[in-house]
Structures are given as C-alpha cells and as structure tokens.
Amino acid sequence: MIPILVIDDDIELCTLLTDYLGSEGFTVEAVQKSKDGIKQALSGLHNLVVLDVMLPEISGFEVLRSIRSQSSIPIIMLTARGDDIDRIVGLEMGADDYLPKPFNPRELVARLKAIHRRLGEHPGYCHYGTADEVITVGDLSLDPRTREVKKDGQRVTVTSVEFSLLQELLRCVGQVASRELLSERVLGRRLATFDRSIDVHVASLRRKLCPQHAGIERIKAIRGVGYIYTNYESEGGTGDDT
C-alpha cells in the first residue's frame, strides 16, 4: 500500500478519495486544516501529497511553499478548472503536477501511480549510460540511486519531476527530446493542447542550474519540437561529457 496525504477542506471529497484510493492500493490520511497538512507532509509518513489550492486560513500555495522549503515529497495540486494561472504558479513554486477540479478519480490514480513509479524506476532507454550509473555532463552530475543532482560538487535541490526531466535530458545529451516524449516519460501522460507543464519545469531547472555553462546555453529549446541538453564538447565548450 502506498501512503498518501490529502490536504483539502472538502470533507465529502476527502471521504470519496479515501474510499476510492484505498481500493487502488493507497492508504489515505486526509486533513482539512493547512497547518495540520504542513505538519503531516513533513512527518515522513507519506510518499505523496494531494494539495488543494483553495484552503481556508492559509492558501494551498503557502502550504506548498512551507513544505517545499523543507521537503521534496511529490505534490499534486488540485486547481480550479480553467484557472491556468493557478496551475503555472503551482508548478513554478515546486508542485510536481496539477489536476483541475472537478476531476475523474481514475485520472488522479493514474497521476499518483506515474509519480510513484518514477521514484522507483530509472529506465535506461537511450544511448547514454545504464539505469543506475551516475551521469556527468560538464559541471553537472546526476545519481539515479540517491536521486541527487550536483553542480560543481554542490547539491542542487530539485523536485521529483525536475529530477526525472533532467535525467531524461541527460540520458540523451546532445539529442532533441520532444515535448510529447518528455510529457509521457516524465509526467506519465500524453501532452495535452496548451499544456505548459514541461515548459514550466524546464524553466525551473534553468533557474536552479544556471542557464549557461562554459558560455553555452545549458538547455536549449527547439521551437515546435522540444528541448536538448547541450553536448559541450560538440559545441566547443570546455565541459567533459562521460
């Protein structure tokens, strides 16, 4: 059973999710108050968090900020349907994914299982390294076993989605990864029209890793296609690719 935490002031929804997710291999703890949610999210007792944006007293965004300042536990935000701003802000603040209300519980299960599967699997689908090898490109290293990212030997704090996205890009360093492929392998779903999730996560990685290395853009956008993590040697940089 996969332990998850639901933070939502809608008692009826919490009851529904507790029953439905319980039949899908999850054990659910539901809390309605923001402060209780923060405390439980940081307790180490859960693998995943489902967090509503619209919470009384302290907003879901502030709850997200508090959790992210101390933990990288995967978080799915529940947002108002059609409110793109809430979704983008949530992703920029460190949410792993979002789901607009009202939603089909089956879709939530799919999102949760995709994130949980990502935490335990490191498929080596590309030419670059094997599933458990530490990947080193220029000043950056990524360790699939510990799920740590380091730049110049210093640990960089990333979310679970950001780690998986970076891993996908590094495994195919110097090759273009389409947005469709990244959405399927990182988010566990097909890319929907106007879905900017991958773009927001890439932007966050750029900020955290520094946009350039050795004077070369680290992650390049290929218009209409996707993204490529630069091969510094082929670009004439001084970084080493191994």
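**Arg-68 and its surroundings**

Mentor: Leaving aside residues up to four places away in sequence, Arg-68 touches Ile-73, Pro-74, Ile-75, Met-93, Gly-94, Asp-96 and Thr-159. Please keep in mind that this is a predicted model.

Trainee: Is Arg-68 buried or exposed?
Mentor: Arg-68 counts as buried, because its relative accessibility is 15% and the cut-off for buried is under 20%.

Trainee: And which helix does Arg-68 lie in?
Mentor: Arg-68 lies in helix α3, which covers residues 60-68.

Trainee: At what angle do the axes of α2 and α3 cross?
Mentor: The axis of α2, residues 34-41, comes within 10 Å of that of α3, and the two cross at roughly 25°. Angles under 35 degrees count as roughly parallel, so α2 and α3 are roughly parallel to each other. The crossing of α2 past α3 is right-handed.

Trainee: Which residues make that contact?
Mentor: From α2 the contact uses Ser-34, Ile-38 and Ala-41, and from α3 it uses Val-63, Ser-66 and Ile-67. Four residues of this α2 contact with α3 are nonpolar and two are polar, with no charged ones.

Trainee: Let us change topic. How do α7 and α8 cross?
Mentor: The axes of α7, residues 179-187, and α8 come within 10 Å and cross at roughly 80°. That angle makes α7 roughly perpendicular to α8.

Trainee: Which residues of α7 and α8 meet there?
Mentor: On the α7 side they are Arg-179, Leu-182, Ser-183, Val-186 and Leu-187, and these meet Ser-197, Ile-198, Asp-199 and His-201 of α8. By class, the contact of α7 with α8 has four nonpolar, three polar and two charged residues.

Trainee: Which residues of α8 are buried?
Mentor: The buried residues of α8 are Ser-197, Ile-198, Asp-199, Val-200, His-201, Val-202, Ser-204, Leu-205 and Leu-209.

Trainee: What span should α8 have?
Mentor: Helix α8 has 13 residues, 197-209, and at 1.5 Å a residue it should span 18 Å; its end C-alpha atoms are 18 Å apart, which agrees.

Trainee: What follows α8?
Mentor: Cys-210 follows α8, and its phi is positive, near 80°.

Trainee: One last point: where is Met-1 found, and what does Met-1 touch?
Mentor: Met-1 is in the segment before β1 and counts as exposed, at 68% relative accessibility. Not counting residues up to four places away in sequence, Met-1 touches Gly-22, Gly-25, Phe-26 and Thr-27. Met-1 and Gly-22 are 21 residues apart in sequence, and their C-alpha atoms are 8.5 Å apart in space.

How values were computed:
Residues are numbered from 1 along each chain as its sequence is written. This is a predicted model: local features need pLDDT of at least 70, side-chain atom pairs count only at pLDDT 80 or more; totals for chains, interfaces and linings use all residues. Side-chain values use heavy atoms; hydrogens and water are left out. Axes are lines fitted to C-alpha atoms, for helices over the stretch in contact, and angles run from 0 to 180 degrees between N-to-C directions. Helices (H or I, at least four residues) and strands (E, at least two) are DSSP runs, numbered from the N terminus. Angles under 35 degrees count as roughly parallel, over 145 as roughly antiparallel, 65 to 115 as roughly perpendicular and the rest as oblique. A crossing is left-handed if the near helix is turned anticlockwise from the far one by less than a right angle, and right-handed if clockwise. Contact means heavy atoms within 4.5 Å. Ala, Val, Leu, Ile, Met, Phe, Trp, Tyr, Cys and Pro count as nonpolar, Asp, Glu, Lys and Arg as charged, and the others, Gly among them, as polar. Buried means under 20% relative accessible area, exposed over 50%, partly exposed in between (1.4 Å probe, protein chains only). The expected span of a helix is 1.5 Å times one less than its number of residues.
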